[in-house]
Amino acid sequence: MSALNPRIAWFSGETRKAIASEAVSILEEIGIFVENDEALSLLDGAGAGIDATDGMVKIPSSLVEKALETAPSRVMVYDRYGEVAMDLGGDRVHFNPGSAALRIYDYERGKARTPETDDLVRFATLIDALPNYAAQSTGVIAGDVPEEIGDRYRLYIALLNSTKPVVTGTFKVDAFRVMHEMLATVAGDADRLRERPIAIFDCCPSPPLKWSDLTAQALIDAARTGLPAELVSMPLTGATSPVTLAGAVTQHCAENLSGIVIHQLACPGAPIIYGGSPACFDMRKGTTPMGAVETMMIDGAYAEIGKHLGIPTHAYMALSDSKLVDYQAGMESAMGATIAALSGVNNVSGPGMLDFESCQSLEKLVLDHEICGMALRLSSGIALRDDPIALPLIREGLAKKEFLSLPHTAKWYRKEAYFPDEIIDRATLEEWESKGGRDAANRAAERVKNLLSGYTPEPLDGAVSAHLKELMEREAKRTGMERLPELA
Amino acid sequence: MDEFLKSCAQSIIDGDGDVAETLAKQAVDDGAPLIDVIEKGFAAGIREVGRLWGEGEMFLPELVMGAEAMKRAMAILEPSIAGSGGLKEAAGRVVIGTIEGDIHDIGKTLVATMLSANGFEITDLGADVPAGRFVDEAEEKRADCIAISALLTTTMNGQKKVIEELENRSIRGQVKVMVGGAPCNDEWAKEIGADGYAGDAVAAVALARSLVD
């Protein structure tokens, strides 16, 4: 007798094979654009040269097969102290907030604005405090430091304010070296960082089938330093990929496979994640709705292909296109988190995010945390704890005329149910009214305040944080910024 | 003749490039008044497409197919008009592109397609275009207007650089500048001294017309 973890099946085994095999044909017959010299020379050295007629790199299927053999099926990511924080592979689900928002929703003012250093600190602190988030993301871009060092600065703030690993990425090619040095400083040194990586680097190919200089370099740099690379392929149906969902999944597979090939050529066996941020392109508005159910279907379906290929998976889900924390925001985020959990996506990025991945909200971050808690609970399924399942318990309960006082109840009730924070209203009408009759966003705003005033992340070792500061100040000076913004 | 003009318009509304091309050839072969064929036929069709899109009746694929059909008809009609010494001139010359650092191409291409379908002569520089290159091309093509797209708040400052470059070369007065893209709005256009902002491809056509007139 055993219970199943609930899972969505998207394709038959035969279709999964057909999609992967067509993706391999796309790379062999059409090829990819590569704008990075190092990637080109790696590919060329392995027998995938540039086709003189169309300038595209044709990748033989043998290269894809070899890359899939060397790429690991399990990727571990660690916290500041070297403890496992994410065990990516199988159907294990982890959540982290959506990354790289240009705006933050200011609840008091009722509108989005440009984030500043204090917002980054609050964002990192909240993620550190909330247990259903397995990792930090460098989710907000600070408007009070120069754009050229925005990528380094957001990592700096995350490392100072949290022990959790960080999902991050570069905006400029030269940023990787500095970010790697910051991470190595926290981990101890470059070798320890390679052994127990504390960050994941997002690498985004441009649809269709193109690797820009920046993203190809990020992929190679990540491979060589042993930091897990996360492929973020983003076909837009009918705009930058075929309009069919199956067509988008197939193009996504080809883009991911090409990334895995470049990455494994740079360093065979280096950790890599099969991921993306596709969208069902909106033909009315010309936008990229992350909250469209079809977007989530593409995500769940490609995760199944990633599993078929034996690579850990990632998707941008549990986020919303709404411009504020409202019904739509909750609906889309919950639907995404649910589908992600039921698809067994290993790393789900998205919580907190509004407005097509462009606006973070602290209030939404704490509300989404409860969505993630419920989604994680859902994905673990219904446990069979007793055999027989109920008969003796019912006999016992009948004798006592209730089940509350049963030792069996006390033993299991906390394991059977996830207890959300009280921002999720389960009170009686009377209690709800007596506490001001407030809506979820309002309750969340109060929780944000309480968490921020009552929680202090474990501080970094003094020498380590001094070294990070030195690195960051050096970067800032290079852009002409003499002093970094004060940290509260 | 009215029936013929109606079917020209309808071919654009249907987004049927094959029919549009056949009708255009027929007009040339029959020696029909081509300016009328364009203005009262095909162009009436593309205006109707724009209207239907504005009202939410049509979505982007129908809009783009209408514009593509329009381009195919015009490709046949234009040489014949030029050959006959006709009066048809481009509605204006526009240099268009997505600003440096920004690889978002779709919105810009849509605007270029709609402008072209509405009789503008378009030089599409693609995406990730440095400010200087907009100005170089505008000078070379003697453009009436530069259209700059930016999809990121981190790249929209580049739109301002194009205007500064025009000022540096003392030719700001000779060319209009229109901006578009997700983070832009009227306020932003004013702030950087652009001549206008358009929120979508149909609005961009109306704006370009008003700027060039």
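I looked up how far apart the two domains of chain B lie: 26 Å separate the centres of domain 1 and domain 2 of chain B, taken over C-alpha atoms. Domain 1 of chain B covers 2–83 and domain 2 of chain B covers 92–212; such bounds come from an automatic or database domain assignment.

I noted that this is a predicted model, where local features need pLDDT of at least 70, side-chain atom pairs count only at pLDDT 80 or more, and totals for chains, interfaces and linings use all residues. Residues are numbered from 1 along each chain as its sequence is written, with chains lettered from A and ligands numbered from 1 in the order in which they are written.

Next I checked the domain contact in chain B. Domain 1 of chain B gives nine residues and domain 2 of chain B gives nine residues (contact: C-beta atoms, placed from the backbone, within 7 Å). On the domain 1 side, helix H3 (34–54) and helix H4 (60–83) of chain B each supply at least two residues (helices are DSSP runs of H or I, at least four residues, numbered from the N terminus). H4(B) gives the most to that side, with five residues.

Then I turned to chain A. Helix H6 (residues 175–187) and helix H17 (residues 462–478) of chain A pack at an angle of about 170 degrees, with their axes 9 Å apart (axes are lines fitted to C-alpha atoms over the stretch in contact; angles run from 0 to 180 degrees between N-to-C directions). H6(A) and H17(A) are therefore roughly antiparallel (angles over 145 degrees). Among the contact residues I found Met182(A) of H6(A) and Leu468(A) of H17(A).

How values were computed
Parallel < 35°, antiparallel > 145°, perpendicular 65-115°, else oblique. Contact = placed C-beta atoms within 7 Å.
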